[in-house]
Amino acid sequence: MSEARFVFEPTPDNFSKMVLENSAKGPVLVNYWSPKAGPCMLFMPRLVRLATEYAGRFLLVTINTDLYARLAREYSVNSVPTIKVFRNGKVVESVYGAQPETEIKCLIDRHVRSESSSGHVTAIRHYQSGNVEQALTLLAQAAMDDPTDLRISTDLIKILILEKRLIQAQDLIDALPASAKADSAIATLRAHLDFLRVAADAPPRDRLEQDVS
């Protein structure tokens with residue numbers, strides 16, 4: 001567990017920094033477990049696998065309640081496994097018992113996607129206020145936080161096109177997976193971008209008129 005990326009094991013000395021401070025940056029899932037409980041041992045690999053799959057969009061912190069009973073008591077953990085989701089220094093959701101992986105993914109998505117959605121909305125407001133660079137930065141971060149939400153990538157491409165950053169827009173489209181490129185909104189933007197790039201490369205009107213005369 002300790003070797004896996006995005007999976008951490010705190011002590012009473014660094015719990016505040018590892019969990020509470022990090023929860024100001026994004027969701028932190030704390031798994032209270034015991035090596036003596038069979039369900040915990042079955043449940044842990046699912047959590048580690050999801051932490052790896054989400055690649056840093058949330059942090060997984062595991063607390064062995066046999067070693068650190070006080071950390072469990074402080075948050076009223078009376079049974080294991082128990083998951084508590086921390087955000088901005090507070091517990092925002094708790095789950096008790098070994099849940100199916102699909103249920104845990106739903107739990108994670110509720111909090112990860114709310115973060116990217118917030119960034120998405122804030123980015124659009126910045127753009128509407130004329131803060132183009134801030135909007136692009138927030139949209140790029142939101143797209144990385146939740147690559148499955150194509151609305152974010154769509155708006156990012158739209159703004160790049162509106163700002164005449166056609167090469168950047170093309171690079172973004174090219175980097176999307178095939179399934180995303182097949183999305184109707186992305187396909188429409190791609191066709192529009194192709195037209196704009198052809199028009200930008202076309203010779204001046206007087207040159208065209210001369211060529212056809």
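β4 (82-87) and strand β5 (residues 90-96) pair in the antiparallel sense over six bridges. Strands here are DSSP runs of E with at least two residues, helices are runs of H or I with at least four, and both are numbered from the N terminus. Two strands count as paired if DSSP finds at least two bridges between them.

R87 has K90 of β5 as its bridge partner. Two residues lie between the strands of this hairpin, and N88 takes a positive phi near 55°.

## Basis of the model

This is a predicted model: local features need pLDDT of at least 70, side-chain atom pairs count only at pLDDT 80 or more, and totals for chains, interfaces and linings use all residues. Residues are numbered from 1 along each chain as its sequence is written, and side-chain values use heavy atoms, with hydrogens and water left out.

## The sheet

Five strands form an open sheet with mixed pairing, in the order β1-β3-β2-β4-β5. β1 (7-8) and β5 are the edge strands, each pairing on one side only. Strands of a sheet pair through backbone hydrogen bonds, either parallel or antiparallel.

β2 (28-33) and strand β3 (residues 59-64) pair in the parallel sense over six bridges. V28 stands opposite L59 in β3. α2 (38-54) packs on the sheet and touches β1, β2, β3 and β4. Contact means heavy atoms within 4.5 Å. The direction of α2 makes about 165° with that of β2; axes are lines fitted to C-alpha atoms, for helices over the stretch in contact, and angles between N-to-C directions run from 0 to 180 degrees.

## Strand β4

β2 and β4 pair in the antiparallel sense over five bridges. N31 stands opposite I83 in β4. Six of the six residues of β4 are buried, that is, under 20% relative accessible area with a 1.4 Å probe, protein chains only (exposed is over 50%, partly exposed in between). T82, K84 and F86 point one way; I83, V85 and R87 point the other way.

## Nonpolar cores

A nonpolar core is a set of buried Ala, Val, Leu, Ile, Met, Phe, Trp, Tyr and Cys residues joined through side-chain atoms within 4.5 Å. The largest has 21 residues, and L29, F58, L60, I83, I104, L107 and I108 touch the most other members. β2, α2, β4 and α4 (101-128) each supply at least two residues. α2 gives the most, with eight.

Leaving out residues up to four places away in sequence, I83 has contacts including L29, V30, F43, L47, I104 and L107. A second, separate core of 20 residues includes I152, L160, L166 and I186.
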